[in-house]
Protein chains: 2
Amino acid sequence: MNKIKLAIIGCGIITKEAHLPALKRLTDRMEVAAVCNRTASKAEDIAEELGLDHSAVWTDWKKMISELKDLDAVLIALPITMNYEVSRACCQAGLAVLCEKPAAMTAREAEETATFSTQFGVTYMTAENFHYDRGFLKAAELVKAGKIGNVHSMSWNVLSWMEVDNKYNKTEWRAHNEYPGGYVLDGGVHFVHALQMIGGPVESVFAHTASVDGRLGTMDTAMSLIRHKSGCVSSLNMGWRSASDDGALRIFGDKGSLIMGRGNVKELKPDGTEELHTFEEESSFYLQWSAFLDALEGKKEGLIPERMPADDVKTVLAMIESEKNGMAVTINS
Amino acid sequence: MNKIKLAIIGCGIITKEAHLPALKRLTDRMEVAAVCNRTASKAEDIAEELGLDHSAVWTDWKKMISELKDLDAVLIALPITMNYEVSRACCQAGLAVLCEKPAAMTAREAEETATFSTQFGVTYMTAENFHYDRGFLKAAELVKAGKIGNVHSMSWNVLSWMEVDNKYNKTEWRAHNEYPGGYVLDGGVHFVHALQMIGGPVESVFAHTASVDGRLGTMDTAMSLIRHKSGCVSSLNMGWRSASDDGALRIFGDKGSLIMGRGNVKELKPDGTEELHTFEEESSFYLQWSAFLDALEGKKEGLIPERMPADDVKTVLAMIESEKNGMAVTINS
């Protein structure tokens, strides 16, 4: 089998720091044939790091995908506002697409991304790396095995103090976001995804959202209660301007609890004893690429169910709607 | 000045384990003149512990307060369903009243307790000992001093695994509660009170409530988002059937955070450094009695503002209403 020919569209932080290290470990299965970035210098950096010559560097993604006839797949890692449009165009061009999260910035468009694979007869997947995080997978596995009985609630404070000159916030499209929800959408889809992996699909959400520091985009804080269809309720508090000493996801069942740690999931039993469930850490970006390449080779079982990343987006957008109307917002999926 | 003559109505766990040790340290200011309990043996135990003879033991509180003409004050520590009625009758009889929380079990009655002192010309106070907890007082003081800037949010998981044969749950009126909210009302008023001490009055609340184990009364779990009038939002998750490893109240400001510990409040600063604010621990029941006795001697500044315990009740009842209608419920106060 020939190696999969991949083009990278968008050469920002996430491409450089997360995708590239993963792709370098998968050169037996794929090759990066082209790199594209509006600002050429960033694409040139990536090309150089991959040992590609100047002819592999593009600044216009439309031109690139129309001229390169032998491409199999693209990685899309662009400003959030472009995800839907570029994903759709690439799928339409017959390319397999791995596109960074969030899949889209409206509920309707997010829903449509879930149909791209069938609509265009390609493999489209949102790059939700949390889906391949071995910690969440271990927790989901323990829950499924009935270790802590029926899961009635979860609690997760994902709080940090982001400096205004943080590398992410130096990205113009983040600091002056033209999509709803700012960091809450950008980061929130990850956390909702992990909660879905363990608690199942979301039924409704209530939230208060806020901007603590206007220099961190339009929104940097959201406190939410997510009700899953299973009846489980998740308390998810996100903040990029909240100094904290605790960020553990805690999963509460009627036979015990699970506390997420680094390299382990701690089970707390009703009798006060603990059991440590360990796992070997591995880059979720590497595992994500492996699953994506598997799919291109016909083994699609490892792909993220299409509904999930769309619902991640819809859930975060529902938080914003909830703040406006003071009601729980139902997620239709 | 003569010592204040006190009668105790209700000789259950909280009287025996929390009030009695405090009262024993205040014998220079008050004396327990009578003890009353429907089941005489419990009153006799308390009488014996206080060195009172059998004539001080009563089983009918109405008879006791009408026959003992020289009483100044009563401690009311009864099943929750009786708090309002007995408090009102004692106030009407001209007695000073310290009554265990929750002040009442309906919003209307809770509101009325806030008028007892003026209505009857006595001193009525809900025994909300959290008001005198030096940890919450220290946190409130640090917030007021501007240490962490504007407080935009708080987070508190008050979770524990209560065994069905726990001493509290062995109390018939708790295990088969005839008041709304079960443990959520019983314990929840404490936590809402502490949040009010730091974040100010409550504007609205949204919650999901649940019964994880039907043997723990009608309700043992509530996940809530409380919006304070200041704009601060508190995430308060309560559960009596949730094994957990963390119960710290965390207070997030736009200049840093406070994390409540034992004997200290840890300040987390944006630059990653910490400062420990220590305090000397003291029984909040002792401090509560001291403030109550001060008030009977004319120094009323230490009393709990009357609105607060009423709003504690109304906020928890609003959580239950919120679960029913899927909306945030406004607290009118």
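**Exercise 1.** Determine how many salt bridges the rule finds across the interface of chain B and chain A.

*Solution.* Start from the rule, which asks for a side-chain nitrogen of Lys or Arg within 4 Å of a carboxyl oxygen of Asp or Glu. Applied across the interface of chain B and chain A, the rule finds two salt bridges. In a salt bridge between Arg250(B) and Asp245(A), the side chains come to 2.6 Å, N to O. This is a predicted model, in which local features need pLDDT of at least 70 and side-chain atom pairs count only at pLDDT 80 or more, while totals for chains, interfaces and linings use all residues. Side-chain values use heavy atoms, with hydrogens and water left out, and residues are numbered from 1 along each chain as its sequence is written.

**Exercise 2.** Describe the contact between chain B and chain A by its residues and its buried area.

*Solution.* First, taking contact as heavy atoms within 4.5 Å, chain B contributes 41 residues and chain A contributes 41 residues. Next, 100% of the interface residues of chain B are also interface residues in chain A, so the copies meet through the same surface. Finally, the buried area, meaning the accessible area (1.4 Å probe) that two parts lose on being put together, summed over both, is about 3100 Å², and carbon and sulfur atoms give 63% of it.

**Exercise 3.** Work out which rotation superposes chain B on chain A.

*Solution.* Superposing by least squares on the C-alpha atoms of residues with pLDDT of at least 70 in both copies gives a rotation of 180 degrees with 0.0 Å of shift along its axis (RMSD 0.0 Å). The two copies are therefore related as by a two-fold rotation axis.

Methods:
Chains lettered and ligands numbered in written order.
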